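Here's a friendly walk through one protein model, for someone opening it for the first time. Have a look at the structure, then read on.

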Amino acid sequence: MNIDWDNFLWPYNEAVRELKVKFRSLRQSFLTKGEHSPIEFVVGRVKTVDSIKEKMERRVISPDVIETDMQDIAGIRIVCQFVDDIYKVVDLIHDRDDMEVLEERDYVKNAKPSGYRSYHMVISYTVYLPEGSKKLLAEIQIRTLAMNFWATVEHTLNYKYQGSYPEDISKRLKSTAETAYKLDEEMSLIKDEVQEAQKIFTKNKGKEK
């Protein structure tokens, strides 16, 4: 089965574009009202063709079931300041009418053996194309700034070691993941102070000459 990758990926590119706009607008709505936004920033991507092909081969996914068996072709990452914010974002997503949550995996409370922490959601999202509406799957990852830093470094190292880390690297990764989570816990203890300081900063922003 030959796949026209440009046509196949177009709806996913549109979904990522729309979802980024929606979540960034949600962040702005909190800020406009002078409230703390549980969303710090939002990024998104569509898997490359090479990445899709590699996953198809590794997980033995046939071309005719890619759309249902590969849940992360469209990916959105929402980064938060505090751990509590993660669960606020989860609730906000559940409350929306324009997307349906199909699966959830809480790696924040139940970290992976590597130390990885993040909250994963698989949603069904509808895009509107010239030929009509199309439902597709997208994965949303929600994590703190500290979790995101660790995951970015781990992802980079994975390219070098292909998941087979030397023992010392593996131990250090797990140790730094625990340190990152301790940082999140400590920051949560002074969350109110941080948020109050941010309000003062935002209020005074632009007043300085």
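Let's start with Ile190, which counts as partly exposed because its relative accessibility is 41%. Here buried means under 20% relative accessible area, exposed means over 50%, and partly exposed is in between (1.4 Å probe, protein chains only). Ile190 sits in the loop between helix H6 (167-189) and helix H7 (191-204). Helices (H or I, at least four residues) and strands (E, at least two) are DSSP runs, numbered from the N terminus.

Before going further, a word on the source: this is a predicted model, where local features need pLDDT of at least 70 and side-chain atom pairs count only at pLDDT 80 or more, while totals for chains, interfaces and linings use all residues. Residues are numbered from 1 along each chain as its sequence is written, and side-chain values use heavy atoms, with hydrogens and water left out.

Back to Ile190: together with Leu183, Met187 and Leu189, Ile190 makes a nonpolar surface patch of about 380 Å². Such patches take residues with over 30% relative accessible area and no salt bridge, joining like charges within 9 Å and nonpolar side chains (Val, Leu, Ile, Met, Phe, Trp, Tyr) within 5 Å. The areas come from the Shrake-Rupley method with a 1.4 Å probe, and for residues only the protein chains shown count as cover.

Helix H6 has 23 residues and spans 34 Å from its first C-alpha to its last, close to the 33 Å expected at 1.5 Å a residue (the expected span is 1.5 Å times one less than the number of residues). Buried in H6 are Leu173, Ala177, Ala180, Tyr181 and Asp184.

Now for the charges. Side chains of opposite charge can pair when their charged atoms come close. The structure holds 11 salt bridges, each a side-chain nitrogen of Lys or Arg within 4 Å of a carboxyl oxygen of Asp or Glu. Here are some of them:

| Pair | N to O distance |
|---|---|
| Lys55 and Asp72 | 2.9 Å |
| Glu67 and Lys134 | 3.0 Å |
| Glu167 and Lys171 | 3.3 Å |

How far apart in the chain are Glu67 and Lys134? They are 67 residues apart, with Glu67 in helix H3 and Lys134 in strand S5 (residues 132-144). Glu67 is partly exposed at 33% relative accessibility, and Lys134 is partly exposed at 23%. Lys55 and Asp72 are both buried. Glu167 and Lys171 both belong to H6, four residues apart, about one turn of the helix; Glu167 is exposed at 59% and Lys171 is exposed at 55%. Elsewhere, salt bridges link Lys22, Arg96 and Asp98 in a network.

What about the inside? The largest nonpolar core has 42 residues, and Phe23, Ile73, Ile78, Ile93, Ile140 and Ile142 have the most contacts inside it. A core is a set of buried Ala, Val, Leu, Ile, Met, Phe, Trp, Tyr and Cys residues joined through side-chain atoms within 4.5 Å. Helix H1 (5-32) gives the largest share of this core, 10 residues. Leaving aside neighbours within four places in sequence, Phe23 is in contact (heavy atoms within 4.5 Å) with Ile39, Val42, Ile76, Ile78, Ile93, Met99 and Ile140. A second, separate core of seven residues includes Tyr116, Ala151, Leu173 and Ala177.

One last stop is Val60, in the loop between H2 and H3. Val60 is exposed at 72%, and its phi is near 50°, a positive value in a residue other than glycine.
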